[in-house]
Amino acid sequence: MYNVREISPQIYWIGGNDRRLEQFENLFPLTNGVSYNSWLILDEKTAIIDTVDDAVTDQYLENIEHLMQGRELDYLIINHMEPDHCGNIENLVRRYPNVKVVGNKKSFQLFNQFYNMDITDNQMLVGEGDEISLGKHNLKIITAPMVHWPEVMMNYETTEGILFAADAFGTFGALTGNLFDDEVDYRNLYLDESRRYYANIVGKFGAQVQSVFRKISSFKINMICSLHGPIFRSDLNLILDLYDKWSKYEPEKEGVVIFYGSMYGNTANTADALANKLGQRGVKDIRVYDVSKTHPSYIISDIWKYSHLVAAAPTYNMGLYYPMDNLLHEMAALGVKNRKVAIIGNHSWSSAAQKLMTERFSSMKNMEIIGETFDIKSRLKDDEEQKLDDLADVIAASVLGNTEE
Ligand SMILES: Cc1cc2nc3c(=O)[nH]c(=O)nc-3n(C[C@H](O)[C@H](O)[C@H](O)COP(=O)(O)O)c2cc1C
């Protein structure tokens, strides 16, 4: 059965949902699937914007057949040459051998690396500002390198003011029949997953996102169509403002993310006691995570959201407890910056974790270490409570001071 929807006159969503995939990029857990969006424009000329993952091929081809009614496909525009969007280029070229496949030099280079089909005769090379006229609709090419691959492009549809934004503004979470932001409770159903998607997948490329913002600032945008998740047409500023913040590495909120590693529960106990003390000092948004339990992508997402961080972990084989080591490595790789951080180590005979965590945070940009970093000796005793009180005082003053400003 076909499954399509007209999103604007002559423009259709023709994508599919995958609720079986365990992990996006085989890396990020999906609790509610993901959608692969693709768009068909049926004007005097016909055009498809991006394809979909292999997982939804049957549905996809059925959707296209239903809408095309035997028409020829004139253009297949490839904004992103990642396999979850390119799984059907070969199928479409086979079905529509005269189709012009639209991309840039880098897109075709990547196509040739991933696939065996020779599409040289179909290639149509485009660059910044080029326009493709379909009749009533006109697509302007915006290059968006490294948001989040080098070949990425976006298209601005000039008649309706639609931005086809490749992966930008996307989210984990399959679609539910409510395709538009005003049809779903976006803030409750998608926003956290959208942040997790941004932080983990696009997060490293804040400067490149800012550069796209500069390019599109003069366009009147009425709708944003991402390759994953709902379409924005009513509260565009919600996602645009968040993307602006996220890509500048500015926290959305004052709050504290405490993430700890612990084998025997002693570091966990200290983290919980600190959280309790912060709560009693009036700090409102406190999140506590066990790095061995919660997937790093969720912790990274909250690190993007909040202003203050506390990392606590034991020494392990004269190094840093592995899950914390891994999390800090991911943070550095994603370019996390501009946060205030407190550090607590733990050791039983020879300390390394405290020093290593301090080094890791110091190597990230503008991470200010606040309070007195200290090292627990196996278990924090009641007569050492002052250390925790002092740290809680400093963190609470910093959070509440910023909140009051
Ligand atoms: C495999 C292993 C290696 C460890 N390596 C060190 C070490 O190099 N130096 C040290 O002082 N403690 C080491 N420890 C001990 C822990 O760091 C220490 O007991 C800590 O208090 C554990 O914190 P927790 O109670 O929160 O799990 C090691 C423990 C394990 C299980």
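Predicted model: local features only at pLDDT ≥ 70, side-chain atom pairs only at ≥ 80, totals over all residues.
**Entry 1: the ligand**

I looked up which residues surround the ligand. There are 18 of them, and Met-263, Tyr-264, Asn-266, Thr-267 and His-347 come nearest. I then sorted this shell by residue type and got six nonpolar residues, 12 polar residues and no charged ones. Next I asked which elements supply at least two residues of the shell. They are α9 (266-280), β19 (306-316) and β21 (339-347). β19 gives the largest share, with three residues.

**Entry 2: strand β19**

Is β19 largely enclosed by the rest of the structure, or largely open? I checked burial, where a residue is buried if 20 or more other C-beta atoms lie within 10 Å of its own. In β19, 10 of the 11 residues are buried, so the strand is largely enclosed by the rest of the structure.

I then went through the strands that pair with β19. With β17 (residues 253-260) I found six bridges, in the parallel sense. One position I noted here is Phe-259, whose bridge partner in β19 is Ala-311. With β21, β19 has seven bridges, and these two strands also run parallel. Ala-311 turns up again in this pairing, standing opposite Ile-343 of β21. I wrote both partners of Ala-311 side by side: Phe-259 and Ile-343.

The pairing with β20 (residues 319-320) is antiparallel and has two bridges. Here Tyr-316 has Gly-319 in β20 as its bridge partner. I looked at how the chain gets from β19 to β20: the two strands form a hairpin with two residues between them. Asn-317, in the turn, has a positive phi of about 50 degrees.

**Entry 3: two helices**

I moved on to a pair of packed helices. Two packed helices are described by the angle between their axes and the distance between the axes. For α6 (residues 191-202) and α10 (residues 296-305), I read an angle of about 95 degrees and a distance of 8 Å between the axes. Angles from 65 to 115 degrees count as roughly perpendicular, and α6 and α10 are therefore roughly perpendicular to each other.

I listed the residues that make the contact. From α6 they are Asp-192, Arg-195, Arg-196, Ala-199 and Asn-200. From α10 they are Ser-297, Tyr-298, Ile-300, Ser-301, Trp-304 and Lys-305. By type, the contact has four nonpolar, three polar and four charged residues.

**Entry 4: a five-stranded sheet**

I traced an open sheet with the strand order β12-β13-β14-β15-β16 and found the pairing to be mixed. Which strands are at the edges? They are β12 (131-133) and β16 (223-225), each of which pairs on one side only. On average, neighbouring strands of this sheet are turned by 20 degrees against each other, direction ignored. Asn-155 has Phe-164 in β15 as its bridge partner.

**Entry 5: the whole chain**

Last, I noted some totals. The chain has 13 helices and 23 strands. Of its 405 residues, 45% are buried. The C-alpha atoms fill a box of roughly 80 × 45 × 35 Å, taken along the principal axes. I also looked up contacts between residues at least 6 apart in sequence, and 71% of these join residues at least 24 apart.

Methods:
Residues numbered from 1 in each chain as written. Near = placed C-beta within 6 Å. Helix = DSSP H or I, 4+ residues; strand = E, 2+ residues; numbered from the N terminus. Nonpolar A, V, L, I, M, F, W, Y, C, P; charged D, E, K, R; others polar. Buried ≥ 20, exposed ≤ 12 C-beta atoms within 10 Å, placed from the backbone. Pairing = 2+ DSSP bridges. Axes fitted to C-alpha atoms, helices over the stretch in contact; angles between N-to-C directions. Parallel < 35°, antiparallel > 145°, perpendicular 65-115°, else oblique. Contact = placed C-beta atoms within 7 Å.
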